[in-house]
Amino acid sequence: MKKETRKEEIIRVAAQLFKQKGYSAVTMRDLAKAMDMQAASLYNHINSKQAILQDIILEIAEAFTEGMNVVISESNSSVEKLNALIALHVRIAINNPEGLAALNTDWMHLEEKLDYYLQLRNDYENNFRAIIVEGIKNDELKPVDVEVILFSMLSTLRSLYLWIPKKDAIKRQQLLEDLTTVLIQGINK
């Protein structure tokens, strides 16, 4: 396993603080205290609190984009693609619940990177929607309102960061199987 750099440690600790307090409430002094260092020393590793937030959110948004690109490039059924997207969300939520929290609650603070983030999010949602539409068209999924399906699935998947830390020993495979059953069986033909 690769040793964490000081910058990576700062970003990880900042993500934890952002999840606990919210981006706006966290100061550089808070972060420095949590890192057991002087606030001025933080700037040897990072440019600003905004830069930290951008690193956290854009890394996850780009991971979702890359995962979606893999899913849509494969010639699987719509149900298999939805299963793969559920797996993507589970993996990211388990590996980085703090980052996912920042993505979901603090994205509006991205300032100059906001348009880029919104484009990634819109593209992701449009691709997710297209998979559902394709599934209905190919008679794989029940003909339920596409927006209701999309909202139901994404609302659940995006909030995994709230639920996962409350579970003592969550098993990724079991979570994936259970979410797949709950989210897809209701729409699967």
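A residue is called buried when its relative accessible area is under 20%, exposed when it is over 50%, and partly exposed in between (1.4 Å probe, protein chains only). The model described here is predicted, so local features need pLDDT of at least 70 and side-chain atom pairs count only at pLDDT 80 or more, whereas totals for chains, interfaces and linings use all residues. Residues are numbered from 1 along each chain as its sequence is written, and side-chain values use heavy atoms, with hydrogens and water left out.

To begin with the overall fold, the protein has 10 helices and 0 strands, where helices (H or I, at least four residues) and strands (E, at least two) are DSSP runs numbered from the N terminus. The C-alpha trace spans about 60 × 35 × 30 Å along its principal axes. Of the 189 residues, 40% count as buried.

Helix H7 deserves a visit of its own. This helix covers residues 114-137 and has 24 residues. From its first C-alpha to its last it reaches 34 Å, close to the 34 Å expected at 1.5 Å a residue; the expected span is 1.5 Å times one less than the number of residues. The buried residues of H7 are Tyr117, Leu120, Tyr124, Glu125, Phe128, Ile131, Ile132 and Gly135. Their cover includes helices H4 (49-73), H5 (78-95), H6 (97-105) and H8 (146-158). After H7 comes Asp139, with a positive phi near 65°.

Turning to charged pairs, a salt bridge is a side-chain nitrogen of Lys or Arg within 4 Å of a carboxyl oxygen of Asp or Glu, and the count by this rule is 7. One of them links Glu134 to Lys81, with the closest N and O atoms 4.0 Å apart. Because Glu134 lies in H7 and Lys81 in H5, this pair ties together parts that are 53 residues apart in sequence. Glu134 is partly exposed at 28% relative accessible area, while Lys81 is buried at 8%.

Another salt bridge joins Asp30 and Lys21, whose closest N and O atoms are 3.5 Å apart. Here Asp30 is partly exposed at 23% relative accessibility, and Lys21 is partly exposed at 45%. Glu4 and Arg12 also form a salt bridge, with a closest N and O separation of 2.8 Å.

Conventions. Contact = heavy atoms within 4.5 Å.
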